[in-house]
Amino acid sequence: MRNHVWRPLYVVLFIVAVVLLVRKVYVPKDFGIQDRGYMYGFHRLGSEADWKAFPVKYRSTEYCRDCHSDKYNELKQSPHAVIPCEDCHGPAMNHPDDPPTLTIDRSRKLCIRCHARLPYPGSGRANIPGIDPETHNPGAECVLCHYPHDPRREAKK
Amino acid sequence: MMNRRDFCKKSVLLFGTLAVPLAAFELFDPTSLLAEKNDGKEVRWGFLVDTEKCVGCGFCVKACKIENEVPYNADVSRTWVERYVVTKDGKTHIDSPKAARDGFTTEKIALGEGKFLDIKPDDIAKGFFVPKLCNQCDNPPCVQVCPVGATYQTKDGVVLVDRTWCIGCGYCIMGCPYGVRFFHPVYHVAEKCTFCYHRITKGMKTACVNACPFGARQIGNLKDPDDPVTRTIMTERVNILKEEYGTKPQVFYLGLTKEVR
């Protein structure tokens, strides 16, 4: 047969060869069908390890216990016992190495997340004593009058 | 020349041999037995949300955003809390301003674009909060639609996204019936709740479970019958979201009502 009939075939073969080569170089070795089969498990296995290596920031309340035992004990005997320290003070990360201190948020916003009165008797919100932020001593920080680690007490002056 | 007796004997032998399954020739493998014995150690992560306990403080959303480095002020979040207010005339009002990152601090329902709706307390039939997150479905539709194998399900049932492999086509975002996926504003790839895979695989709770003061969020191993989450799911009246889609969600809810979508 004449050359011009074969030429497109060579082009196609060349393209296929290039695609296969690129695939060989570009697709990682651990890419394939993993535990959950072709439909749900087709992926690069190393990605799971990537996600596992993500840095942890929140360390939980027990982490604070040894160094801040005074605050820990006060809080655990108070009506606020259920609130994790890190909700109010932010993530511990590697505190006290980095950061050396944690945030101290004295804003009213922190407290009214739970204490703004909402008229929903069927929800858990009804079990928390509510105030109207617009009439309950507006403008003043809550912690001027209430001690956050034991709200039954007046604030330490 | 074969006589009839030989012919019968040989045919029985031949068909008898053919009938023995190939599996009979497989050598006994002790590791397979061990695997069966270890069944109790297998993990399938499941989540339990108790909507009765949620107070709408939003500490879970705050913790999730910080823990997982989702830009704090961007209007996207891996988890969020919805407020449902059902009025006596049968209307349902739903809002979740800033994904409830700062909690619910006012009675006014956010309508978006800076508009608010005031509802008189006397008109309210019921009001409650519903935390939402990825359902880590057993049949994840978001995984099926991925054209490049960038999103997948791990052996323990968590659906993850490979950030180096995602091409940002957005099919999975469209495919999720629960709307839990979005584009990450920094990496520009599909982003979703990972059940804090970096925490649960180290024996910690997820950031949102850790942050919830009231136990409205819990995570557990559905393959362990003694796990408190599993026990609640087996014995209490739990419900799932959008059952009709057949996605088999692994996030279970206590106290759902028909208004919750």
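A nonpolar core is a set of buried Ala, Val, Leu, Ile, Met, Phe, Trp, Tyr and Cys residues joined through side-chain atoms within 4.5 Å, where buried means under 20% relative accessible area, exposed over 50% and partly exposed in between (1.4 Å probe, protein chains only). The model discussed here is predicted: local features need pLDDT of at least 70 and side-chain atom pairs count only at pLDDT 80 or more, while totals for chains, interfaces and linings use all residues. Residues are numbered from 1 along each chain as its sequence is written, chains are lettered from A and ligands numbered from 1 in the order in which they are written, and side-chain values use heavy atoms, without hydrogens and water.

**Cores**

The largest nonpolar core has 45 residues, of which Phe47(B), Val81(B), Leu133(B) and Phe195(B) touch the most other members. Helices (H or I, at least four residues) and strands (E, at least two) are DSSP runs, numbered from the N terminus. Elements of chain B that each supply at least two residues of this core include those tabulated below.

| Element of chain B | Residues |
|---|---|
| β1 | 45-50 |
| α3 | 59-67 |
| β2 | 80-87 |
| β6 | 124-132 |
| β13 | 251-254 |

A second, separate core of 13 residues includes Cys142(B), Val143(B), Cys172(B) and Val189(B). Contact denotes heavy atoms within 4.5 Å. Leaving aside residues up to four places away in sequence, Val81(B) touches several residues, among them Cys54(B), Ala99(B), Phe129(B) and Arg217(B).

**Helix α8**

Helix α8 of chain B spans residues 228-235, and Val229(B), Thr230(B), Thr232(B) and Ile233(B) are buried in it. Seen down the axis of α8(B), these buried residues fall within an arc of 160 degrees, so they line one face of the helix; the arc is that of the directions from the helix axis to the C-beta atoms. The face turned away from the buried side carries the exposed residues Pro228(B), Met234(B) and Thr235(B). The cover over the buried residues of α8(B) includes β1, β11 (217-221), β12 (238-239) and β13 of chain B. At the N-terminal end, Asp227(B) caps α8(B), with a side-chain oxygen 2.9 Å from the backbone nitrogen of Val229(B).

**Glu42(B)**

Glu42(B) is found in the loop between α2 (30-37) and β1 of chain B. Its relative accessibility is 31%, so Glu42(B) counts as partly exposed. The C-alpha atoms of Glu42(B) and Asp156(B) are separated by 7.8 Å, although these residues are 114 residues apart along the chain. Not counting residues up to four places away in sequence, Glu42(B) touches Asn221(B) and Lys223(B).

Key. A polar contact is a pair of N or O atoms within 3.5 Å; within protein, one must be able to donate a hydrogen and the other to accept it, and residues adjacent in sequence count only if both atoms are side-chain atoms.
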